[in-house]
Amino acid sequence: MVGQAVKGVILDDSVLFISSGGNNPKHSLRPAADALLRYLRYSMFRTGISSRLDSSDCKDIIKEKAESHSIDFFSLSAFLTKDDINEIMLSWGDVCNSILYVISSERKDDINHLIDQGWLVVVLNVQDDSACENLGMICISKLEELPLSICRLNRKAVDSSILVVGYTMKPSRELDFSKRGAFPLYPTDNGLIFMPLTFDLPLSSQLPEVDMILHKATDEILYVELSNSSDLSNKITYSSRMQELQRYIEVHPDLCVIDPLDNIKPVLDRVEIQQILLGLEALKSEGCIIRGPYFLKVGNFNEANLVQKLSEAKLSLPCIVKPQVACGVSDAHKMAIIFYVEDIKNLDVPLPAIIQEYVDHSSTLYKFYVLGEKIFYAVKKSTPNISALINLNQGVGPLVFDSLKSLPIANESQQHLEGKSSDNKNKDMNIELVQNSANWLRRVLDLSIFGFDVVVEDKSGDHVIVDVNYLPSFKEVPDNIAIPAFWEAIKNKYENFKKLST
């Protein structure tokens with residue numbers, strides 16, 4: 001098996017279904033089957049399912065699964081024959097010498113036949129793998145072990161210098177990245193293999209195989225405890241599985257993490273990130289200023305002298321109110337635009353919160369993405385100017401919304417009026433200034449992959465950074481440009497980490 005890489009995977013139906021046993025056994029799909037099929041589909045492998053079950057219902061389910069996941073379907077004999085093998089070889093001629101066949105231990109008679117064909121064989125439902133090594137096959141006890149086994153094979157076969165990136169994030173985010181080809185299990189051009197970390201297996205069996213960890217830890221936050229202090233240290237409670245990963249990282253300081261959990265804390269706290277953005281004052285370009293928005297932290301919406309405090313913070317209504325916690329909890333994106341002082345009282349926005357300057361920006365938002373040394377941006381539609389907001393709200397209290405689900409957007413007539421406003425000078429974006437700011441933020445935050453949003457204030461032309469986030473999707477950047485930059489950022493982070501460690 002040494003030297004043989006995996007480029008195609010065929011899953012025997014015996015590993016996808018569980019039999020109830022008895023004289024009339026019923027078959028049900030394994031819980032891990034769908035997730036595995038999705039994963040293999042986007043891992044840069046040829047993937048297929050072979051069906052040999054007698055039950056027509058099972059064959060229909062298998063065929064439907066193959067079609068829904070856009071993978072190949074092979075209807076084979078009850079016992080593998082040379083004709084079955086030839087059918088697969090003809091269909092997969094380009095990878096016929098690199099096929100991995102995954103089969104259940106129940107079908108012992110077929111295993112030797114597959115090995116004789118020169119294929120790699122993984123056998124499921126084997127508790128003792130001592131005999132497997134002698135027979136030239138790999139044994140696993142759970143289907144979730146398959147990506148780990150493929151990773152080991154490809155690393156050994158292709159090049160021992162290949163780096164393995166173990167990654168963890170919520171399933172929907174993982175699927176979004178995977179669909180764009182970001183997480184291949186076959187080495188990238190710059191020598192990376194991506195392996196999903198699963199909490200269905202002990203981390204101790206997976207992490208020794210990886211060189212670095214890529215995470216979206218904010219997906220694993222249970223709650224954030226905030227007091228009047230803006231310091232989030234030791235107040236973030238992660239899920240038990242994320243805590244397990246944290247403990248492993250703490251006792252393995254030689255493991256590269258993208259990015260360390262301490263480094264992402266500032267982007268979880270809107271007060272802290274606002275204070276960091278104050279340092280942008282030193283960056284100017286031909287009279288153009290880049291800055292954070294003016295803001296005021298509040299712990300109570302009924303504070304005394306609130307109007308005076310707003311004035312001292314250079315704030316005038318309307319303003320936008322946001323929770324201090326920026327992400328990771330369910331109500332972090334519950335916000336409100338307030339038009340009058342009365343709107344603040346008993347406002348339905350989590351406390352503590354920040355009252356932030358609302359910047360007139362002609363409904364134009366610039367989303368910047370920093371992938372290592374590379375900087376990209378996209379232009380998106382945003383909330384309208386104050387005059388359009390007033391028309392939109394019609395004076396009925398604060399405008400409360402969830403920024404992840406819906407934004408108050410002006411209709412066409414309001415946008416037309418906004419475009420003719422005498423205050424709207426339609427200032428141009430100073431790309432060089434923002435790029436310099438991106439590099440400054442990368443150094444200050446010490447993050448490898450992050451994003452931030454910029455608006456240009458209509459009257460002054462000030463460039464205002466209104467949001468900063470970690471490991472964004474950067475989906476507005478074309479995949480053929482973004483994904484190689486993503487891989488390069490990860491590889492560079494590892495190389496720099498190793499230089500500092502020696």
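I began with helix α4 (residues 82-91), which lies across β1, β4, β5 and β6 (99-104) and runs at about 160° to β5. Contact here means heavy atoms within 4.5 Å. For angles, axes are lines fitted to C-alpha atoms, for helices over the stretch in contact, and values run from 0 to 180 degrees between N-to-C directions. Helices (H or I, at least four residues) and strands (E, at least two) are DSSP runs, numbered from the N terminus.

A note to myself on the source: this is a predicted model, where local features need pLDDT of at least 70 and side-chain atom pairs count only at pLDDT 80 or more, while totals for chains, interfaces and linings use all residues. Residues are numbered from 1 along each chain as its sequence is written, and side-chain values use heavy atoms, with hydrogens and water left out.

**Entry: the open sheet**

In which order do the six strands of the open sheet stand? I read β5-β4-β1-β6-β7-β8, with parallel pairing; two strands pair if DSSP finds at least two bridges between them. At the edges I found β5 (72-75) and β8 (138-140), each pairing on one side only. Neighbouring strands of this sheet are turned by 20° against each other on average, direction ignored. I then looked at β1 (residues 8-12) and β4 (residues 46-51), which pair in the parallel sense over five bridges. Leu 11 stands opposite Ile 49 in β4.

**Entry: two crossing helices**

Next I turned to α11 (residues 261-268) and α12 (residues 270-277), whose axes come within 5 Å and cross at roughly 90°. That makes α11 roughly perpendicular to α12, because angles of 65 to 115 degrees count as such (under 35 is roughly parallel, over 145 roughly antiparallel, the rest oblique). From α11, Lys 265, Pro 266, Val 267 and Leu 268 make the contact, and from α12, Arg 270, Glu 272, Ile 273 and Ile 276. I list five nonpolar, no polar and three charged residues in this contact. Ala, Val, Leu, Ile, Met, Phe, Trp, Tyr, Cys and Pro count as nonpolar, Asp, Glu, Lys and Arg as charged, and the others, Gly among them, as polar.

**Entry: a hairpin and its neighbour**

β15 (residues 284-285) and β16 (residues 288-291) pair in the antiparallel sense over two bridges. They form a hairpin with two residues between them, and Glu 286 in the turn has a positive phi of about 50°. The bridge partner of Lys 284 is Ile 289 in β16. Two bridges also join β16 to β25 (residues 463-470), in parallel, and there Arg 291 stands opposite Val 464.

**Entry: the cavity and a pocket**

How many cavities of 30 Å³ or more does the structure hold? I found one. On a 1 Å grid over the protein atoms alone, a cavity is a set of points where a 1.4 Å probe fits but cannot get out, and a pocket is an open set with protein on both sides within 12 Å along at least five of seven lines; lining residues have an atom within 4 Å of a point.

The largest cavity has a volume of about 80 Å³, a volume being the space filled by probe spheres set on the points, with grid points joined across faces, edges and corners. Its lining includes Val 267, Arg 270 and Ile 273, and α12 and β25 each supply at least two residues.

The second largest pocket has a volume of about 730 Å³. α8 (171-179) is among the elements that each supply at least two of its lining residues, and α8 gives the most, with five.
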